[in-house]
Amino acid sequence: MDDNADQQHLTAASGYAQGQLAKAFTTALTHQDADTRRRAEGHVKRWRAVLAGMSGGLLTIGSRTPVTGFPAWVTPEVVHGGFATGAPGAGGPLQPYETRLAEQFGVPADRRALFAHCLTDTGLTWLWGQLNSGRYEVTVPEEGALLTMAWLVRHGETAAALDLVAELAPFAGRLRFLPRPSSGRPAPDAGDALHRRSVAATVATLARRRPNAAVETQREALAVWQPFGDELLAHWLETAGTEGGAVLELAPDADWLARGAALLDRYGLLAEQHTRCGKHRRPKENLAILRGALEETVAGRPLDPRRLGLLRHAVTSMVRRRGLPGSARHTGLRRAQRTQAALPSHHALAQVVVGRLAALPQESGIADLTPVLAPVSEREERDTGLPTGAELPPALRRVVERALSAPVSTLVERGVVPSAEVLAALVPQLVAVTTARSYDDEALRTLMAASYRAFRNRRSLLLLNLERQVRIEELPWVRAVSARRGDTTAEAALLLRQLGELAVRGFPGTILPNPLVRELGVLARQSELGAPLVEELAADIFMDAFGPKFLVAARIAGELLGGSVYERYYGIDYAAVRELAIAEAGGSGGRPEKAGSVAARTSPGFMRLCAERAASASSAPAGSSGVSRGFGVAANGKVIEQSQILTTHNLATLVHRVGITPEPGWAEPARRAFGTVCRLTARVHHNARPYSTIKDAAYAWRQSVFHLSLCTPAEQRGVLADLGAEAARQPAHVAARLAPALAGLRLVVEGGAFDPDGTADGGRARRLLGWTTDGHWLAADPTAVEGKGS
């Protein structure tokens, strides 16, 4: 990269950090919620540290070693956008557990003293006890370092332990290398079972649930004030001469007045006890009119004509709306309202669930939801007063279901994992188990699994110049025991195939999110399948360069899709891509991912190809790196989109190298991906900023085209018919917008081709892409023109 480009990105980074500081500062000063203000104050502190580090030379933005004086393996504190604050994640003031351990060990409350103590016989004995029991936590990877050292010493690998200590010692006073003792028993190995939330987290969520003010106000109105209003109405109706006669046609007698006074006294008590609903106090409400007139009458004051008219109107309207008190219509309505008011509140039912969860292990998930989600039992009715048989409402069931512990495929099928992003958050648990199983010692397996989970909580840095994120193998303590790893290539390959099939089958219209790609990449390296997985690049920091694995992935896509509908739809020459890959690999005919200059950090040929394709998709001039830089983020996005088209963004790699074969075949994912296209296109309507939605719709469309291309010709014709029928079921503006895209796909399936500008048939058929610098045809509403002319 040239220095000018680097400086432009650093200037943009500084502006971004200043904007984030201003946003956090405003929130800290003005937000109504106190907790939100406190969190914003923490954000202000961290963003100030970012800017101070940048201006003082302490931070190097874009580097994998952003903090001066710290090696890459040290976990940095990272804020939104990948900015390091300059503080290490394992640094800061002593944690409470460190203070307790210093007191227990009889050493000064100082990290260096704690570190030194762990090198003594007494300290090693304590560490061995932690390894044996498994009762410890590793929240940042560094907290597993001294445990690894102790394991090495116990197994006679003294030299490796000394080397590790020598690498850690310069940071012993600043970083915490001790594990966190845990009072609870270690969770049992649940095999392939995963959970989104632990029982403890679910209990905390339910315990925070408070009564819904609006619901409780309605409950009070139904249970208290409407019955009281009925009593007032019946009392006034006694003064009507005949059924339906005018109120106060008969003069109230002493008994009526006495009973009226009793009603007013009871009103006072009710108003003191039930304060949620204030409608009965509003002067224009019927209940307030009846009560006010009764107060006047009981006090012996005659009603003036205006108040008498209001009283008679209130009585008439109440009878007309609900019927006379005691009539069948009135009785049925009040019975239904009493039933509604008697329903248990969500808050009360949540407390029942909290009681059920208290008996379960708190740090794991729930293997069997049936007893937790069961209706209220007789015993619970005796304890809480809630009616036996009361069902948990869907809102509470959803909270509990997030704690379900089951294979990830089950979680996806039941909707507990609703998106690829949520799947990406769960996959590290599986990868940690698979990675740890390669160690033959049980204590080391437990430690490495904990270290991997902690490492996956490490936030990604903003990196420039194709720098790559730190890998777990670079941590000194993980590297120190790497020789103890066995062969798990088959297990990693199986898990990679299962997760790949799950992602494609479960979320066929969604691009694989980068966190999921990173986890699949770990498995791909362990499985040695030669399956390069590529991340989605950010258009705002794209530096006009692709790593060599992008070209390898494009070549793999060509091996699968040469001559396919996909190749012809997007106008790709996969034979030329293959020749380019061979040329950049030095002419080797071997497996491309292992040939040629593996150390090369860029693929200039692939960048040039993407830039040329992006330029030909619009009026932007052709070129190489200048294409994206000259036109900003949108032009960068066009280049990145072409890279995704050429590589299929991992779909071809997963199919051709990993071997995924989703059931019941490729036709169903093609249909479901198109369903996502329709949903996203519907959001374009009357959208002032539609382009991010259009970009996502184009992602989903590309996946539908890919899946369609793997179908047989007969299946392709059937899927096309299904897509047309699905479009016809959509609102008119959705069907009209997608008509050119469907026409273009039908054209290619039938053997036709687009013109060089990506259209055909006079513009009635179009190639659907996401990014544009010229305005997008999908944003226009074709029905608006037709409606105006009709």
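**Close-ups of a predicted model**

**View 1. S527, tucked into a helix.** S527 is buried, with a relative accessible area of 6%. As with everything shown here, this comes from a predicted model. The residue belongs to helix α22, which covers residues 514-527. Look for the side chain of S527: one of its polar atoms sits 3.0 Å from the backbone oxygen of A524. Leaving out residues up to four places away in sequence, S527 touches T489, A492, A493 and L496.

**View 2. F542 and F546, a tilted pair.** Now for another ring pair: the planes of F542 and F546 meet at 50 degrees and the ring centres are 5.2 Å apart, so this pair counts as tilted. F542 and F546 are both buried.

View 3. Which residues touch the most other members of the largest nonpolar core? They are W701 and L745, in a core of 175 residues. Helix α18 (residues 420-436) supplies the largest share of this core, with nine residues. Setting aside neighbours within four places in sequence, W701 is in contact with Y569, Y570, F674, V677, A741, L742, L745 and L768. W701 is also part of an aromatic cluster, along with Y566, Y569, Y570, W666, F674, F706 and F754.

**View 4. Cysteines without a partner.** How many disulfides does a search of the whole structure find? The count is zero. A disulfide is a covalent bond between the sulfur atoms of two cysteines. Take C678: the closest cysteine sulfur, in C711, is 17 Å from its own sulfur, so the two are too far apart for a bond; a disulfide here would need the sulfur atoms within 2.5 Å. C678 is buried, at 1% relative accessibility. C277 counts as buried too, at 8% relative accessibility.

Notes: Residues are numbered from 1 along each chain as its sequence is written. This is a predicted model: local features need pLDDT of at least 70, side-chain atom pairs count only at pLDDT 80 or more; totals for chains, interfaces and linings use all residues. Side-chain values use heavy atoms; hydrogens and water are left out. Rings of Phe, Tyr and Trp (its six-membered ring) pair if their centres lie within 6.5 Å; planes under 30 degrees apart count as stacked, over 60 as edge-to-face and the rest as tilted. Buried means under 20% relative accessible area, exposed over 50%, partly exposed in between (1.4 Å probe, protein chains only). Helices (H or I, at least four residues) and strands (E, at least two) are DSSP runs, numbered from the N terminus. A polar contact is a pair of N or O atoms within 3.5 Å; within protein, one must be able to donate a hydrogen and the other to accept it, and residues adjacent in sequence count only if both atoms are side-chain atoms. Contact means heavy atoms within 4.5 Å. A nonpolar core is a set of buried Ala, Val, Leu, Ile, Met, Phe, Trp, Tyr and Cys residues joined through side-chain atoms within 4.5 Å.
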